[in-house]
Structure formats: structure tokens, C-alpha cells
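Hi everyone, thanks for coming.

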Number of protein chains: 2
Amino acid sequence: MARSRRRVSWQSGATIKDVAREAGVSSMTVSRVLNKVGSVRDETRERVMAAVKALDYKPNFSARSLAKARSFQLGLFYDNPSAGYISEFLTSAVRACREQRYHLVLENCGATEDDWADAIENNLAEANYDGIIILPPVSDFTGVINAIEARGIPYVRIAPTLESTSAHSITINDEQAAQQMTAAMIAEGHRRIGFIKGHPDHGASEARLRGFMAAHEEAKLELDSELMVQGYFSYRSGLEGAESLLNLDARPTAIFASNDDMAAGALAAAHRFRMNVPDELSVVGFDDTPLARAVWPALTTMRQPIADMAESAVEVLIQSLSSKRTEADRVPPQHRILPCELIERESLVPPARD
Amino acid sequence: MARSRRRVSWQSGATIKDVAREAGVSSMTVSRVLNKVGSVRDETRERVMAAVKALDYKPNFSARSLAKARSFQLGLFYDNPSAGYISEFLTSAVRACREQRYHLVLENCGATEDDWADAIENNLAEANYDGIIILPPVSDFTGVINAIEARGIPYVRIAPTLESTSAHSITINDEQAAQQMTAAMIAEGHRRIGFIKGHPDHGASEARLRGFMAAHEEAKLELDSELMVQGYFSYRSGLEGAESLLNLDARPTAIFASNDDMAAGALAAAHRFRMNVPDELSVVGFDDTPLARAVWPALTTMRQPIADMAESAVEVLIQSLSSKRTEADRVPPQHRILPCELIERESLVPPARD
DNA sequence: CTGTTAGCGCCTTCAG
DNA sequence: CTGAAGGCGCTAACAG
């Protein structure tokens with residue numbers, strides 16, 4: 001029972017050579033058939049396909065990557081996201097990848113920007129992704145961006161705030177969306193509206209605030225600065241922000257929390273004040289995370305097209321990969337802006353009359 | 001300006017050969033230094049490391065995978081999970097992977113078991129994972145399990161219900177945890193407790209119900225069957241389940257929803273009935289997802305050690321890989337059971353006295 | 001302790 | 001339209 005000296009392959013199934021032998025052709029022909037490049041006589045193709053099926057041949061990913069100098073993998077860089085956001089994004093991104101026979105590899109990192117130095121060097125460098133998707137707030141970390149650019153890997157930034165003409169980006173118009181929401185509240189008859197700002201590090205926060213203020217301007221409404229309080233996108237900060245708003249001498253009749261988590265916190269605050277939402281106080285959120293439907297009353301909120309953004313990101317990336325070969329005419333950076341949608345549920349109604 | 005005939009490498013940086021040349025050694029020595037195998041003289045090692053640094057050398061993932069016959073990637077198979085669950089699991093799993101220089105690749109699939117056939121064949125086969133982690137409820141899909149086993153890839157099932165002696169599993173003791181929670185409610189003085197069951201397809205549902213009933217038995221308490229209503233782990237089903245419970249002639253003084261989403265629904269139902277939680281009705285959940293803290297009042301719930309489970313899963317998998325070489329003594333399947341923890345918040349108090 | 005040889009499985013290039 | 005030759009970057013196995 002002498003073992004052959006030849007190393008025993010670990011590849012569970014057949015290799016391209018086995019298929020070639022079985023079909024009576026060269027392995028190149030098999031390769032061409034499988035990759036649908038070049039031209040192969042129909043009859044030959046069929047013979048190859050039959051052999052593939054007979055041997056249950058599956059190409060080896062690593063070998064293909066090595067030879068083609070492509071990993072067929074996209075990296076997803078993120079950091080400390082909200083659960084609803086990431087899970088929706090992932091689901092959609094994975095689906096989009098699969099359609100293109102790509103795979104999505106996760107890289108999350110420490111909560112501080114410093115941790116990124118290691119993360120970048122170790123993951124980005126060694127995993128040689130074909131492209132990278134960067135979720136907020138990482139999409140605004142210049143350290144990360146620079147490291148990626150230094151390696152020349154194509155990347156898409158999701159919802160970045162910092163401008164960049166050289167890289168792809170997928171965004172929503174936070175300002176416009178916030179303005180629309182505020183206008184809707186004004187249209188319901190609210191005149192004193194409280195606003196809970198988002199995390200100062202997160203670029204969208206400021207844009208949403210601008211939208212809030214713009215709507216007031218457009219409606220020629222006064223806007224007390226005491227009506228705009230700081231929040232941090234967390235439930236707790238929403239609760240505290242709403243409490244300080246409700247402690248005001250002249251209470252607002254409605255509160256616009258700049259994300260759903262904080263809106264949920266505002267709901268809790270209202271309960272503590274024994275105020276009935278929405279009859280005595282309207283509350284709206286932003287994002288339309290699953291939480292928006294899970295609380296009571298269900299939140300009127302601004303839907304971010306997260307799934308669409310994920311799909312777009314994958315699409316843009318893979319597109320820019322295929323045209324990368326011809327150095328000259330690489331795709332120009334795309335900056336897609338996707339539309340939001342106002343979701344009307346139960347938490348916004350006209351203000352009570354005295 | 002004649003271009004060399006040699007193909008221009010796409011590898012952005014240096015290769016192992018460049019490092020070898022720079023350090024004046026063979027590439028094998030470089031390999032040994034980098035992989036920390038075999039022994040290398042200290043001085044040589046230092047020379048190599050210096051060269052690595054000087055050239056900013058990063059090993060090529062694909063080449064290493066091909067040569068070592070390992071992909072250094074773990075697949076995560078999941079399906080339609082709750083947002084909180086998956087995001088917590090991911091965060092922890094990715095961290096654990098990175099420590100071992102592994103990467104996590106996502107594969108989610110259609111909501112039906114049928115969709116899996118394709119998913120399995122296309123992903124599992126071509127991506128050649130070193131190991132696979134399977135989240136519930138997929139961990140109980142026999143079709144999936146069989147397909148994976150057919151390929152002989154190591155895998156870990158998370159929270160499976162179906163027994164399997166041959167494969168690794170990481171579980172919690174759902175029954176015991178539910179019993180503990182129920183006992184806590186009884187200890188608070190509740191005698192009529194409503195129970196909202198989980199999704200019938202999900203194995204944990206039944207176990208949690210058994211625990212609920214066991215606690216009653218142990219306390220020698222009667223248990224009306226009308227107190228146990230069907231739910232589906234969704235917010236809506238919790239709302240509806242709680243409504244039917246509150247419509248009973250003899251209302252329960254507390255409701256045990258077998259996950260947090262349904263508990264949030266029960267909270268909403270209580271509001272509709274104008275009942276004050278927890279003073280007039282206690283409500284508890286299970287899982288301790290972020291939602292548990294986001295609702296008002298914050299839910300008393302049973303914490304699942306999701307992060308620990310993820311870490312364990314990665315650990316078990318990578319462990320079983322390294323010992324796989326010596327065919328004879330492969331690691332025996334591990335069945336780890338991780339402890340839950342009762343998290344006391346605001347939604348469980350003693351029943352009101354008449 | 002270190003180097004040489006020979007691939008891993010696939011694909012690019014070039015010749016026919 | 002098809003095949004032969006050789007390389008992608010790295011490492012197992014075997015010498016020395």
C-alpha cells in the first residue's frame with residue numbers, strides 16, 4: 001500500500017485537469033468554457049460541460065484569484081453601527097454580491113480612529129480585496145481613506161460628509177430629507193418644534209439640522225435656539241434631550257429626533273412626563289429602522305433607502321473593477337444620491353388645541 | 001522604452017522573493033520567519049524583518065491559500081435573523097477571527113429552505129471555506145447540514161435543536177433559562193402569567209415553553225392552557241398575542257413573551273388597553289437585544305450570551321482545523337452550553353393588590 | 001539552521 | 001477554434 005510520493009491534493013473534488021482529460025480537451029478549453037471567454041465550438045463546449053457535471057467539478061477560488069490577480073471579494077469596513085442599519089445593509093449587499101459571484105468579507109474595527117491603523121495594515125493589505133465599501137462614520141475617517149488610497153484599491157463611501165471628487169460615494173440628501181420632514185410637521189400645524197441633534201462626529205447630524213432650520217426659514221417661522229438640543233444618536237441621549245425640551249417653559253408640541261433611536265428615547269421621556277403621544281406630543285424620527293415599528297406608537301419617520309444604497313455600492317464597485325484593466329479610461333467616480341421617503345405612521349398628528 | 005516581456009505583476013508591493021533578495025536569504029527562510037515555524041537564527045530573522053519593513057511587504061492571501069490548501073476564511077450562513085442578534089454576533093465573530101488572522105465571509109440566503117439548494121452548491125462549493133458557522137434557524141435545516149457534511153467541511157451549529165453527535169454546537173439552555181425567568185416572576189408574587197410562544201419552526205420556542213411550564217410545576221401552580229398563546233417572534237405577533245391575553249376574563253398579571261420583539265409588542269398592547277406597565281401589568285422578554293433597553297419601560301429579560309457564543313464558535317472551528325491534519329485524532333465534536341443571565345430592569349414588579 | 005526543488009490549480013500568452 | 005508552455009506568490013518536502 002505504498003503511497004505515491006506525489007502530494008495528495010486536498011481539493012475535495014476534481015481539478016480542471018481532470019475535467020480536461022474526461023472531456024478529451026486541454027485544460028485551457030475548459031477554462032474558456034467556464035469563463036465564457038474566447039470562442040469554443042458548441043460541440044466541444046457541451047462535452048466539457050458534461051465532464052464538469054459528471055465530475056462535479058468546482059473551480060478553486062484561491063487558484064483563480066492567484067492567476068487572475070483578483071480576489072473576487074469585497075471588504076466591508078464598518079464600525080460600531082446601529083444594529084438595524086448594518087443588518088439591512090448586509091442583507092442587501094450580500095445578495096448583490098452573490099449575483100456577481102462575489103463575496104463579502106467583514107472587517108469591523110475598534111471604536112476609535114486610532115485602532116484603525118492596525119486594522120488597515122493587517123486586513124486591507126493582506127486580504128487584497130478587489131474593492132472596499134466603507135460605512136459611516138468610517139467613510140469620513142481620513143486616515144482610513146488615505147490608507148486605502150495608498151494601496152490603490154477601489155472603494156465606495158457610504159453617506160460620507162467630506163467631499164471627495166476622486167472616489168465613489170452613495171449618499172442621501174440628509175438636509176433635504178430633514179427639511180421635508182420638518183415641513184410636514186409644520187403643515188400639520190406645529191409651530192414650536194423641538195429638535196434633537198445627532199452625534200457631532202457624524203456628518204449627517206449637521207445636514208439634518210440644516211434641513212430643520214431651512215424648513216423654518218421657508219415657512220417664515222421663528223426658531224428658538226433653546227429648541228435645538230444636543231443628542232448622540234443613542235436612545236439615552238434622546239431621552240435626555242427630550243426631557244430638557246419638555247422642561248422648557250414653553251414646551252414644543254412636537255419633537256423631531258434626528259434618528260429613530262433617539263425618537264424612541266423621546267417617547268420614553270414623554271411617558272415619564274405622563275404625556276400621551278401623539279395626542280399631547282408628536283414625535284418623529286429618522287432612518288426607519290425596525291425600531292420605528294417596534295415602539296408605541298409606531299414612529300412617523302424618514303426612510304433611508306439602505307438596501308438600495310448597499311446594492312448601488314456593490315454595483316458601482318464591480319463596475320469600476322471590470323473597466324480597471326484599461327488603465328486609460330477608468331470609470332469616473334460616481335456620486336449617487338438616493339431618495340428618501342417619508343413614512344407616515346402614528347406618532348405625528350396635529351397639535352392639541354388649548 | 002521596450003517593455004520587458006515578463007508579465008507585469010499586479011501585486012502592488014513586493015513579493016516574498018524581493019524580501020529574500022533584500023535580506024540575502026532564500027524565500028523559504030522568509031516564509032519561515034513570517035509564519036513563525038521551524039527555527040531561524042535570531043540574526044537572520046532580524047535581517048528578514050528589516051527587509052519586510054523596508055519593502056513594506058505584505059503576503060499575498062490567495063497564494064498562501066493555494067499553497068497551504070486553506071482559505072483562511074470562515075463562512076457564516078444565516079437567514080433572516082433579527083437585526084440585534086446578527087449584529088451582535090457579527091461584531092464578536094469578526095473580532096475573534098481577526099485574532100487568528102481569519103476572515104469572515106457572509107452568506108445569507110432566501111427565506112425558504114428551498115432557496116438553499118442553490119446557495120449551498122454555489123457558495124459553499126466554490127468558496128472553499130475552512131469552516132462554517134451556521135446561525136439559527138438554519139442550524140436546524142437538514143438540507144443545509146447534509147450538503148455541508150457531504151463536502152466534509154467542519155462546521156459549528158449555533159443554537160440548534162436537532163441533536164447531532166457528529167458536529168460541533170454552541171447552545172444555551174433555553175428551557176432552564178425560561179424556567180428561571182418564570183420562577184422569578186412567581187417569586188415576585190405573580191400567579192396568573194401569560195406566555196407568548198415563539199415561532200413554531202424555531203427550535204428554541206418549544207424549549208422556552210417547556211421551561212415556563214416546568215416552573216409552574218415546581219411551584220405547584222395551576223396553568224390554564226388559555227394563558228399560552230401562539231406568537232412568531234415578531235413585534236406584531238407579540239402585540240396580538242398580548243391582546244388576546246388581555247381580553248381574557250381572568251387577565252394575567254404578567255406576560256412572559258419568549259423574545260424581546262414580542263415583549264415590545266405586548267407593551268404596545270398594554271398601552272392600547274390603557275394599562276400601565278409595570279404597575280398594572282408586568283412584561284418580560286427574552287434575548288436582551290438592544291430593543292429591550294429602547295422601549296419604555298425597559299424590559300426585564302434573559303440575556304443570551306451572543307457575543308460569547310460567536311467567540312466560542314470561531315474558537316471551536318479554528319481549533320478543529322489545526323488538528324485536522326492528523327486524520328487519526330481529530331477533535332471530538334464539542335457541545336458547549338453557555339450560561340444566560342437574568343437582566344432586571346423596570347418591567348417586572350409584584351402584581352398590584354386589589 | 002537554511003536552501004533547493006517542485007508543485008498548489010488556474011489562467012495569460014503565444015503559436016498553430 | 002484549440003493546445004503547449006510557463007507563471008501567479010507561496011510553501012511542503014527533502015537535502016545539506
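**Where the chains meet**

So, the contact takes 43 residues from chain A and 43 residues from chain B, where two residues are in contact if their C-beta atoms, placed from the backbone, lie within 7 Å. On the chain A side, α5(A) gives the most, with seven residues; helices (H or I, at least four residues) and strands (E, at least two) are DSSP runs, numbered from the N terminus. That side of chain A divides into 24 nonpolar, 13 polar and six charged residues. Here Ala, Val, Leu, Ile, Met, Phe, Trp, Tyr, Cys and Pro count as nonpolar, Asp, Glu, Lys and Arg as charged, and the others, Gly among them, as polar.

A word on the source: this is a predicted model, where local features need pLDDT of at least 70, side-chain atom pairs count only at pLDDT 80 or more, and totals for chains, interfaces and linings use all residues. Residues are numbered from 1 along each chain as its sequence is written, while chains are lettered from A and ligands numbered from 1 in the order in which they are written.

Now the strands: β2(A) and β2(B), residues 103–108 of chain B, run antiparallel and are joined by three bridges (strands pair if DSSP finds at least two bridges between them). There, L104(A) stands opposite L106(B).

Finally, within chain A, α1 (residues 16–23) packs on α3 (residues 42–55) at about 125°, with the axes 8 Å apart. Axes are lines fitted to C-alpha atoms, for helices over the stretch in contact, and angles run from 0 to 180 degrees between N-to-C directions. Among the residues making this contact are V19(A) of α1(A) and V48(A) of α3(A).
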